[in-house]
Amino acid sequence: MDDERIADLSLTIESVTSERRERETSSDFTRVTTEFALSGPGPDGGTVTGRGEDVTYETEDHDRLAETGLPDLTGEYTFGSFSERLSELDLFPGGVPAREVFRNYRRWGVESAALDLALRQAETNLAGVLERSLEPVRFVASTRLGEPPTTDRLEALREHVPDIAFKLDPTPEWDADLIAAIDETVGTEAVRILDLKGQYEGTEVDVPADPELYELVLEGVPDAIIEDPALTDETRPLFEDPNVRSRVSWDAPIHGLEDVEALPWEPDWLNVKPSRFGSVESLLETIAYCNERGIQLYGGGQFELGVGRGQIQTLASLFYPDGPNDVAPRAYNDPTVGEGLPQSPLTAPTDPTGFGSHADR
């Protein structure tokens with residue numbers, strides 16, 4: 001592991017449990033996740049617990065996990081040796097996952113729980129180990145605009161949080177009238193990211209490459225970051241201009257440093273979703289690479305229902321606090337916009353020990 005300060009943390013696991021979570025979301029689907037709890041001896045002689053969250057999207061994969069459990073993870077390790085052991089285990093003993101990337105999601109859930117436990121056993125937190133400061137986290141509200149698309153949800157969110165900015169998902173139903181309505185409702189400058197979802201294959205959120213849609217949003221929302229365009233013979237010419245390329249960010253293809261290096265051009269922006277990386281080592285290696293090259297980062301979420309949300313907020317606080325982070329508190333994912341939504345920026349985490357245990361945000 002590149003960062004020996006983390007790799008050398010002692011880790012003792014005496015028991016492992018899991019809890020299935022379920023919740024309706026603003027994107028009209030039922031989200032299911034699994035939260036892992038790894039427990040071991042604490043520094044005062046009691047027991048401490050580290051938690052992490054598996055954000056695999058298929059409900060059946062979580063149901064099978066509830067039946068089979070994980071392989072035996074108990075024992076004494078360093079965090080580095082535990083991570084190496086995870087790379088050798090099949091964390092889907094009930095059957096092959098619906099998508100191969102889910103192996104990374106589950107590994108991240110287990111490894112982040114182990115990191116939380118190791119930090120608690122050492123009576124420290126990630127900021128202390130890495131000698132970095134925790135900063136307030138700016139975030140955007142990520143939402144789709146419905147079918148047919150309207151600005152109703154944008155208006156409702158702005159009524160409760162007047163300064164909130166947005167990450168939106170354009171769909172083929174978008175047209176010039178909708179762009180004008182967005183501008184009138186919140187101003188196009190409030191749209192920080194447009195996620196074209198052109199890099200997904202075989203999912204319910206796939207959006208096919210559409211040069212007319214791409215041109216519409218590139219021109220109609222001129223200051224927005226453009227995430228995950230599909231580059232085809234028809235769309236590639238739109239991205240030949242260096243000024244347009246400088247607006248492009250990537251998300252779905254990025255699972256580690258090799259994927260960053262394989263992009264069609266060196267990016268100016270990347271969306272960092274920790275669960276896609278699988279391991280802490282891969283995540284930190286990629287962040288360091290981007291920092292060395294001036295690639296701007298922002299955090300992304302996966303509709304986490306438990307401690308996973310606090311953990312991605314902690315990482316944003318440590319590494320990219322001022323980006324347009326798609327790590328808004330979970331209340332922003334509720335189907336109905338309610339009272340008391342937190343404002344951006346979030347206050348810096350203050351947990352004395354562990355990794356992102358402020359799971360109530």
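**Close-up 1. Antiparallel pairing of strands S2 and S3 in the predicted model.** Strand S3 spans residues 30–41, and S2 pairs with S3 in the antiparallel sense over 10 bridges.

**Close-up 2. The open sheet S2-S3-S4.** Three strands make up this open sheet, and their pairing is antiparallel. Strand S2 (15–24) and strand S4 (47–54) are the edge strands, each pairing on one side only. From one strand to the next, the twist averages 25°.

**Close-up 3. Helix H2 on the sheet.** Helix H2, residues 59–68, packs on the sheet and touches S2, S3 and S4. The direction of H2 makes about 35° with that of S3.

**Close-up 4. Helix H13 across S3 and S4.**

**Close-up 5. Packing of helices H4 and H12.** Helix H4 (residues 102–121) packs with helix H12 (residues 280–293) at an angle of about 90°, and their axes are 10 Å apart. H4 is therefore roughly perpendicular to H12.

**Close-up 6. Residues at the contact of H4 with H12.** From H4 come Trp 108, Glu 111 and Leu 115; these meet Val 280, Glu 281 and Leu 283 in H12. Four residues of the contact are nonpolar and two are charged, with no polar residues.

Definitions and conventions
Residues numbered from 1 in each chain as written. Predicted model: local features only at pLDDT ≥ 70, side-chain atom pairs only at ≥ 80, totals over all residues. Heavy atoms only, no water. Pairing = 2+ DSSP bridges. Helix = DSSP H or I, 4+ residues; strand = E, 2+ residues; numbered from the N terminus. Axes fitted to C-alpha atoms, helices over the stretch in contact; angles between N-to-C directions. Contact = heavy atoms within 4.5 Å. Parallel < 35°, antiparallel > 145°, perpendicular 65-115°, else oblique. Nonpolar A, V, L, I, M, F, W, Y, C, P; charged D, E, K, R; others polar.
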